[in-house]
Amino acid sequence: MIGFILRRLLIIIPMALLVVSLTWGLIRLAPGNFYSDERSLPPAIEENIKRKYGLDKPVYQQYLIMLGNVVRGDFGDSLKYQGQSVNEIIFRHLPYSATVGVLAYLLALFFGLTAGIIAALRQNSAFDYGSMATAMLGLSVPNFVLGPILVIVFSLWLFWLPPARWGGISNLILPVITLSAIYAAYIARLTRAGMLEVMRSDYIRTARAKGLDEKTVLLKHGLRGGIVPVVSFTGPALANLLAGTVVVEKVFAIPGLGNIFIQSVLNRDEPLTLGIVAFLSILIMIFNLVVDISYGFLDPRIRYE
Amino acid sequence: MSVGSASQRLVVCTFCGATSMVDLSGAEPKLRLDESGVLDRSSGELVAGASLWKDAWKRLLKNKLAVFGMIVLGVMVVAVIIGPPIIRLTTGFTPDYIPSDIDGGARVQSFPPSVQHPMGTDDKGRDLLARVLQGGRISLMVGIISTIVSLLVGVSWGAIAGYIGGRVDNLMMRIVDIIYAIPYILIVIVLLSVFGGPNTPDFIDALSSFFGGAGNQGLSQIFLLFLALGLVSWLTMARVVRGQILSLKNQEFVLAAKATGVSTPAIIFRHLVPNALGPVIVYATLTVPSVMLTEAFLSFLGLGVQAPYASWGSLAADGIKNIQIFPWQLIFPGVTMALTLFSLNFLGDGLRDALDPQTRKF
């Protein structure tokens with residue numbers, strides 16, 4: 001078990017470096033660069049810029065220098081936000097995205113699990129059909145449509161909640177609901193399918209046969225197996241939510257990491273893009289590891305090699 | 001599928017009809033074929049294989065939500081195809097007709113829904129119904145073409161990795177893992193900027209000149225977007241197909257094909273892939289809405305479809321800017337898109353239930 005965790009933790013480093021290298025390659029493949037505008041620069045100035053950022057060196061040297069910096073965890077300064085280091089920018093904007101993301105995921109877990117379990121237990125009931133149709137609606141309405149509609153209703157008509165910006169708890173409600181809708185829908189469907197699968201299995205029949213009451217059968221035996229698909233979905237989903245979801249940040253004017261990332265790609269802000277990609281890929285891999293470990297606790301039949 | 005005694009089994013590839021009698025007892029193989037090389041089907045039982053699709057179709061028709069989805073999609077496809085010409089003939093509006101151009105641009109205004117403009121107009125005075133229908137063409141094409149691209153790449157990739165196995169499999173699937181870890185938006189932006197403008201591949205230019213006239217840069221950009229979205233959405237498809245192939249490749253009909261000297265590519269693409277088609281179709285139906293959402297998201301960020309072209313995503317993105325004053329500009333494209341995605345998801349779910357009888361047991 002400990003060997004498994006250590007091995008997986010060690011693999012994260014080369015995998016992250018590979019992802020960063022490929023990202024670097026992709027950025028370099030795209031034509032254009034961060035300093036060029038519509039006006040072309042005088043050659044002398046361009047030369048100076050190139051020398052300053054090491055762009056006059058051969059490509060393989062630039063790559064090795066970049067890789068060396070990344071290994072040391074130093075992504076350098078952002079090219080667009082002068083004088084601010086990439087790490088500073090990431091950790092300044094992360095709390096906003098993380099707050100909204102974690103709250104949205106908790107809300108989605110609560111509604112998704114509840115709806116999914118009840119729908120599975122009362123299969124083909126009105127509740128089953130109703131909640132699954134609602135979940136489908138949640139999957140089909142783009143969040144950039146849902147967000148503005150919520151703003152119109154709750155901010156502009158009813159004046160209950162502020163429409164945008166960062167502030168108190170009241171500012172969080174609408175973005176969290178908007179963000180959680182699609183995840184709640186997904187979790188509800190995964191839970192229902194998982195529970196239906198598990199409740200037919202032999203070990204549930206055994207649990208019933210040995211005289212356990214229905215509540216114990218459901219919560220202690222059924223749920224543990226039934227939420228395995230939800231747990232595997234949680235890893236990447238949570239990592240993406242922590243790093244911010246661009247649309248919600250744009251609609252509600254939240255200074256999160258998602259928009260910073262998109263802007264960095266559009267600005268060809270290489271260090272910032274690489275920093276966020278590295279951060280995100282490590283986050284995803286760690287969450288996936290945690291998910292893999294938790295399988296063992298959920299389903300005793302799963303063993304680690 | 002196999003029938004026959006324990007030592008001698010008749011194996012049938014359900015889809016291509018390749019049949020052979022494989023003797024598992026080690027005796028000389030006996031192939032009971034007629035002159036044309038096709039198994040004599042008078043034995044009856046074998047016909048059951050062909051009814052898989054009929055059965056699935058029957059089950060699908062019983063699913064009311066899936067039927068609802070099919071009807072809505074059918075209406076939507078017909079509407080986006082014949083809608084714009086009908087509007088042009090009856091009212092004279094086209095998706096890019098700007099009335100204010102003629103008045104000298106003095107009174108630019110967005111009109112609410114009326115008899116003349118059933119969905120109102122956008123803030124340049126363009127008929128929104130015509131634009132929503134025109135946008136539907138692009139949105140649906142994004143869904144279909146990108147899904148075909150993802151099918152071609154994903155199915156081949158997954159099938160080859162799954163069938164060959166070993167190191168090749170390991171390498172191919174690690175490549176999939178790594179591409180997974182790179183944010184897809186980065187890949188799309190790079191593809192769009194590397195192959196945009198003067199670097200557009202010839203076949204894309206050919207496509208856009210076929211659909212809209214030569215040198216149409218805006219249209220080329222849209223086709224490029226189709227391709228880019230397809231190239232980032234094949235990863236899950238590859239995994240799904242690989243899993244299917246892994247469970248199929250040790251079955252008797254593959255053994256039979258090998259024994260009769262069928263080449264590896266033919267085994268993969270004529271025998272294995274058709275048998276994995278059920279999950280592939282289901283997953284493809286669910287890829288269409290997800291690609292359409294991604295396109296809408298990119299258009300929302302200003303990276304996707306650009307004016308004068310429109311997609312549901314770009315129309316909704318334009319509508320959001322004026323949401324307080326002209327709510328119909330968001331509501332109509334948004335609702336049309338949600339309805340389509342809703343139908344596609346229901347159809348996908350219905351297909352899964354119909355093609356995979358396992359899930360119907362409960």
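The model is predicted: local features require pLDDT of at least 70, side-chain atom pairs count only at pLDDT 80 or more, and totals for chains, interfaces and linings use all residues. Residues are numbered from 1 along each chain as its sequence is written, and chains are lettered from A and ligands numbered from 1 in the order in which they are written.

Chain A has 13 helices and zero strands. Helices (H or I, at least four residues) and strands (E, at least two) are DSSP runs, numbered from the N terminus. The C-alpha trace of chain A spans about 85 × 60 × 30 Å along its principal axes. Of its 305 residues, 38% are buried. A residue is buried if 20 or more other C-beta atoms lie within 10 Å of its own, exposed if 12 or fewer, and partly exposed in between, with C-beta atoms placed from the backbone. Among contacts in chain A with a separation of 6 or more, 75% join residues 24 or more positions apart. Two residues are in contact if their C-beta atoms, placed from the backbone, lie within 7 Å.

Chain B comprises 13 helices and three strands. Buried residues account for 41% of its 362 residues. In chain B, 66% of the contacts between residues at least 6 apart in sequence join residues at least 24 apart.

Helix H10 (residues 228-242) of chain A packs on two other helices, H7(A) and H4(A). The axes of H7 (residues 169-199) and H10 of chain A come within 8 Å and cross at roughly 150°. Axes are lines fitted to C-alpha atoms, for helices over the stretch in contact, and angles run from 0 to 180 degrees between N-to-C directions. H7(A) and H10(A) are therefore roughly antiparallel. Angles under 35 degrees count as roughly parallel, over 145 as roughly antiparallel, 65 to 115 as roughly perpendicular and the rest as oblique. H7(A) contributes residues including Tyr183(A), Ile187(A) and Leu190(A) to this contact, and H10(A) residues including Val230(A), Phe233(A) and Ala237(A). By class, the contact has ten nonpolar, two polar and no charged residues. Ala, Val, Leu, Ile, Met, Phe, Trp, Tyr, Cys and Pro count as nonpolar, Asp, Glu, Lys and Arg as charged, and the others, Gly among them, as polar.

H4 (residues 86-121) of chain A meets H10(A) at about 145°, with the axes 7 Å apart. Ser97(A), Ala98(A), Gly101(A), Ala104(A) and Tyr105(A) of H4(A) face Ala237(A), Leu238(A), Leu241(A) and Leu242(A) of H10(A) in this contact. Seven of these residues are nonpolar, two are polar and none is charged.

The largest nonpolar core has 154 residues. Such a core is a set of buried Ala, Val, Leu, Ile, Met, Phe, Trp, Tyr and Cys residues joined through C-beta atoms within 7 Å. Tyr183(A), Ile187(A), Ala159(B) and Ala316(B) have the most contacts inside it. H7(A) supplies the largest share, 16 residues. Beyond its neighbours within four places in sequence, Ile187(A) contacts Ala108(A), Leu109(A), Gly112(A), Leu113(A), Gly116(A) and Val230(A).

The contact between the chains takes 31 residues from chain A and 32 from chain B. Elements giving two or more residues to the chain A side include H1 (2-29), H12 (257-266) and H13 (270-298). H1(A) gives the most, with six residues. The chain A side has 25 nonpolar, five polar and one charged residues. Within H12(A), eight of its ten residues are buried, among them Leu257(A), Phe261(A) and Val265(A). Arg268(A) follows H12(A) and has a positive phi, near 55°.
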